[in-house]
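The sequence and structure are shown first.

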Amino acid sequence: MSPNSFEISITRFSIESDACEYFAIKLRNLFIFNLLKDKKNVFSIFGTENKQNILDYINENRKEAAKKAAREIGAIVVLKGNESIVCSENPLQEIYINTTGNAGMATGGSGDVLAGILAGLTASDTDKNTCFEITCCGVFIHGLCGDMASAKYGQRAVKAGDLIDMLKEVVLL
């Protein structure tokens with residue numbers, strides 16, 4: 001390497017669903033992020049904001065869609081929606097079904113808030129939790145923020161910024 005260049009090594013990062021859509025290859029078959037297939041500890045958010053042609057498949061086969069995406073990209077996948085699903089990339093394909101959250105969270109920016117929560121938890125993890133554990137925790141916290149915002153403002157009035165505001169309350173629990 002030249003003295004004016006540098007190399008960055010990333011082992012954990014978060015990708016929101018708009019980025020997934022941008023980088024998607026062969027979207028219909030869920031071959032997403034083939035470029036990242038060899039990376040370890042990658043978070044990917046693959047939500048219902050993606051193209052309509054795969055939404056029907058995903059919504060009818062949520063667990064299988066999450067497993068297939070995790071297998072194909074070699075990364076942890078979060079499939080947002082009613083009872084968000086977290087699927088690990090390991091051969092056992094651990095599944096976590098989240099019980100927090102509500103329909104009020106289906107608002108622009110909600111996925112960005114989740115990506116930020118995951119990034120923050122990952123960056124502050126000093127206990128060396130697995131990426132799967134961190135992701136499950138982040139999805140739970142995100143949903144809990146949504147439940148608290150819904151209780152305070154009503155489901156129809158929840159905005160992404162409300163989820164961020166509720167983080168202060170969740171930390172105090």
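Cys137 is partly exposed, with a relative accessible area of 36%; buried denotes under 20% relative accessible area, exposed over 50%, and partly exposed in between, for a 1.4 Å probe and protein chains only. The model is predicted, so local features need pLDDT of at least 70 and side-chain atom pairs count only at pLDDT 80 or more, whereas totals for chains, interfaces and linings use all residues. Residues are numbered from 1 along each chain as its sequence is written, and side-chain values use heavy atoms, with hydrogens and water left out.

**Cysteines and buried sites**

The structure holds zero disulfides, a disulfide being a pair of cysteine sulfur atoms within 2.5 Å. Cys137 is in no disulfide, and the nearest cysteine sulfur, that of Cys136, is 8.7 Å away.

| Residue | Relative accessible area | Class |
|---|---|---|
| Cys136 | 10% | buried |
| Cys137 | 36% | partly exposed |
| His142 | 7% | buried |

**Overall architecture**

Six helices and five strands make up the secondary structure; these are DSSP runs numbered from the N terminus, with helices (H or I) of at least four residues and strands (E) of at least two. Along the sequence the pattern reads β-α-β-α-α-β-β-β-α-α-α. Of the 173 residues, 43% count as buried. Among contacts (heavy atoms within 4.5 Å) between residues at least 6 apart in sequence, 60% join residues at least 24 apart.

Helix 4 (residues 110-124) has 15 residues and spans 21 Å from its first C-alpha to its last, close to the 21 Å expected at 1.5 Å a residue; the expected span is 1.5 Å times one less than the number of residues. Its buried residues include Ser110, Val113, Leu114 and Ile117. His142 lies in helix 5. Leaving aside neighbours within four places in sequence, His142 is in contact with Met105, Ser110, Val113, Leu114, Ile117 and Leu163.

**The largest pocket**

The largest pocket contains about 440 Å³ of space. Of the 22 residues that line this pocket, Lys80, Gly81, Asn102, Met105 and Ala106 are the closest to its centre. On a 1 Å grid over the protein atoms alone, a pocket is an open set of points where a 1.4 Å probe fits, with protein on both sides within 12 Å along at least five of seven lines, and lining residues have an atom within 4 Å of a point. Helix 5 gives the most to the lining, with three residues.

Terms used:
Points joined across faces, edges and corners; volume = space filled by probe spheres on them.
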